[in-house]
Amino acid sequence: MKDRHGCDASAGNEAALCVRNLRFAYGGVEVLRHVSFDIKPQRFTVLVGRNGSGKSTLFRLLVGLLKPQEGRIAVFGRDLHRLSLRERTRLLGFLPQHHHPVFPFSVEDVVLTGRAAHAGLVPKAQDRAAVREALEQLGIEPLASKPYTELSGGEQQLVLIARVLAQKPKVLLLDEPTSHLDFVNAHRLMALVRDSLCAHMTVVAILHDPNLAFQHGTDFFFLADGHVFQPDSGRDPWNSALLERVYGVPMETISFGNGAVVVPGDFSKSARP
Amino acid sequence: MFPWIKRAVVFGFPWPIVVLSVFVGPQDSIAPKEALEWMASMMMGAPAAENADLVRAIVWDIRLPRILLAFCVGGALAASGATLQAVFRNPLVCPYILGLSSGAAFGAAVALAVGFLPVYGSAFLFAMAAVGCSYALGRVGKAVTPVSLVLSGIIVSGIFTALLTIVQFLADPFRLQTIVHWTMGNLHNAEWKRVLDSVPLMGCGGVGMFFLRWRMNVLALGDQEAYAVGVDPEREKITMLIPATLAASAAVAAAGIIGMVGLVVPHMVRMMLGPDNRVGMPACFLFGGAFLVLVDDFSRALTAFELPIGIFTTLVGGPFFIFLLRRFRLGWAV
């Protein structure tokens, strides 16, 4: 049985992110209660849940944009709310919400701002190297000198992901990283996260598409009614009883090889009269 | 056009303007040849001409301090405008629009009227207060929208202009003349003492903005974007506003309110070099300085009686601001 009360690294808890008894309410309306979980290092953990289930709130708590009313969050055993902003930035990277900037900075300059916590006043050669590496990883070097404001939504999203990669955090939190990406780019990004990023960082992502999650993720957490829960060890995350609890509608599972695709039963074509 | 050509133009064009301005003056004044001969005699020990004392007085005591002051005032206003635009992510703001200039003018006028306050210190404090008010009043809920910031800036600017009028009304007549003269935006009575008082302050502000120029790129992308990469946006804004206000308030205290330089020059530089403040900030200082020196050359050479330079800069800048507003409506998604 794992320790449910401490996040102490010395007690043998090797979690990258450790959350204990988190409670959060927006003006009296409880969004999250008794949330406790550990995220293992160098894994690709996916959070799945419906709209309004509190995923984004949980995310904003994890990156420190919101403060929980109760409970604690630790990053590699260190209390999130006792870290300085600079220390936190070196440990935790996240994608800010999508918006349109005013000035037409080049893609390279946008990605370079990811180095703010490392560079100090003026970026140096190693910062520019980190930018090039991030652009190459995502395959967007051809965009380097283009104005960010003239890119498509999907390209802008890739640039912001490159920016957080250039930041080189130990834990990467991605809220809907594929929302503007096309089908192929979404899978390419997920494969990149799984195959190369998880070799040296821990990635946690919110995904709306459970099939994308099941295909690429290694660990899964589900959110429903303000609770976070995990599939029982040894059971597939796509078992229908679990998914019906998360989504509140009957689910059909189509298995293939060692994977599966799920479809909400109520709305599939076969259910139509 | 290749980027290096544009950079060469922006960074190269100011120097000849500044040098050639030494030879510009009203038609009945000394000829460029006389000024050149005087310089040769000073530097190479050539025999002095008959009217050497007159030439010396004109070149050394009148033209040089004026050119230096114009250059620093233009540079300080332009760099400060570029900083404000980056900090507030708003292409429509400048020291004038945000009330910084009127705040500084009020502060300087109070100091001139009472006679025992330091002019530059008082200008800086009231300019800081004006920018703080504009920012605080422009807040709608949690965010400061570009339009609400411009509106609150105009209101704050109006209040300080009204207060300035009250100071003028109450001031003793002998001091009133000094105050009125100076608020019109004048360079014609520049002398070495004024240069030595104000240029170090504008220089300090300029150096501060120069060091923070890349951090402005980080901030210009957005508050949450800055926070995500480890920059506390509110603290960073204050850090950048201090040198911007110092430079612009010293410029106002030295030369009065000179409108539009702080708005127009950052836009010109951005059109030529792009939005990266790493090149934009030094370019703004140089280009803004040369711009004001050039405008001042026209105001010195064209008419026998001198028009205050603020009138010229506003005549150039006003139509440009309208052009920007139209483009803003059409193209910029804010």
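**Figure 1. The salt bridge between chain A and chain B.** A salt bridge is a side-chain nitrogen of Lys or Arg within 4 Å of a carboxyl oxygen of Asp or Glu. In this predicted model, Arg278(B) and Asp109(A) form such a pair, with 2.9 Å between the closest N and O atoms. The count of salt bridges between chain A and chain B is one. Nine residue pairs, both members at pLDDT 80 or more, are in polar contact between chain A and chain B.

**Figure 2. The side of chain A that touches chain B.** Contacts between the two chains involve 32 residues of chain A and 31 residues of chain B. About 2800 Å² is buried between chain A and chain B, and carbon and sulfur atoms give 66% of this area. Val102(A), Phe103(A) and Phe105(A) supply 25% of what chain A buries against chain B, more than any other three residues. By residue type, the side of chain A that touches chain B has 18 nonpolar, nine polar and five charged residues. Three helices of chain A, H2 (85-91), H3 (107-112) and H4 (116-119), each supply at least two residues of that side.

**Figure 3. The six-stranded sheet of chain A.** The strands of this open sheet follow the order E6-E7-E8-E3-E9-E10 in chain A, and their pairing is mixed. Strand E6 (92-94) and strand E10 (227-229) of chain A are the edge strands, each pairing on one side only. From one strand to the next, the twist averages 20°.

**Figure 4. Strands E3 and E9 of chain A, with helix H9.** Five bridges link strand E3 (residues 44-49) and strand E9 (residues 219-224) of chain A, which pair in the parallel sense. Thr45(A) has Asp219(A) as its bridge partner in E9(A). Helix H9 (residues 240-247) of chain A lies across E3, E9 and E10 of chain A and runs at about 45° to E9(A).

**Figure 5. The four-stranded sheet of chain A.** This second view of a sheet shows an open arrangement of four strands in the order E2-E1-E4-E5 (chain A), with antiparallel pairing. Strand E2 (29-39) and strand E5 (78-79) of chain A are at the edges and have a single partner strand each, so one side of each is left without a neighbour in the sheet. Helix H1 (residues 55-62) of chain A lies across E1, E2 and strand E4 (70-75) of chain A, at about 120° to E1(A).

**Figure 6. Cys18(A) and its bridge partners.** Strand E1 (residues 17-26) of chain A runs antiparallel to E2(A), and seven bridges join them. E1(A) also pairs with E4(A), in the antiparallel sense and over five bridges. Cys18(A) has a bridge partner in each of these neighbours: Asp38(A) in E2(A) and Ala74(A) in E4(A).

**Figure 7. The hairpin of strands E4 and E5 of chain A.** E4(A) and E5(A) pair over two bridges in the antiparallel sense. Opposite Val75(A) stands Arg78(A) in E5(A). The hairpin has two residues between the strands, and Phe76(A) takes a positive phi near 45° there.

Terms used:
Residues are numbered from 1 along each chain as its sequence is written. Chains are lettered from A and ligands numbered from 1 in the order in which they are written. This is a predicted model: local features need pLDDT of at least 70, side-chain atom pairs count only at pLDDT 80 or more; totals for chains, interfaces and linings use all residues. Side-chain values use heavy atoms; hydrogens and water are left out. Contact means heavy atoms within 4.5 Å. Buried area is the accessible area (1.4 Å probe) that two parts lose on being put together, summed over both. A polar contact is a pair of N or O atoms within 3.5 Å; within protein, one must be able to donate a hydrogen and the other to accept it, and residues adjacent in sequence count only if both atoms are side-chain atoms. Ala, Val, Leu, Ile, Met, Phe, Trp, Tyr, Cys and Pro count as nonpolar, Asp, Glu, Lys and Arg as charged, and the others, Gly among them, as polar. Two strands pair if DSSP finds at least two bridges between them. Axes are lines fitted to C-alpha atoms, for helices over the stretch in contact, and angles run from 0 to 180 degrees between N-to-C directions.
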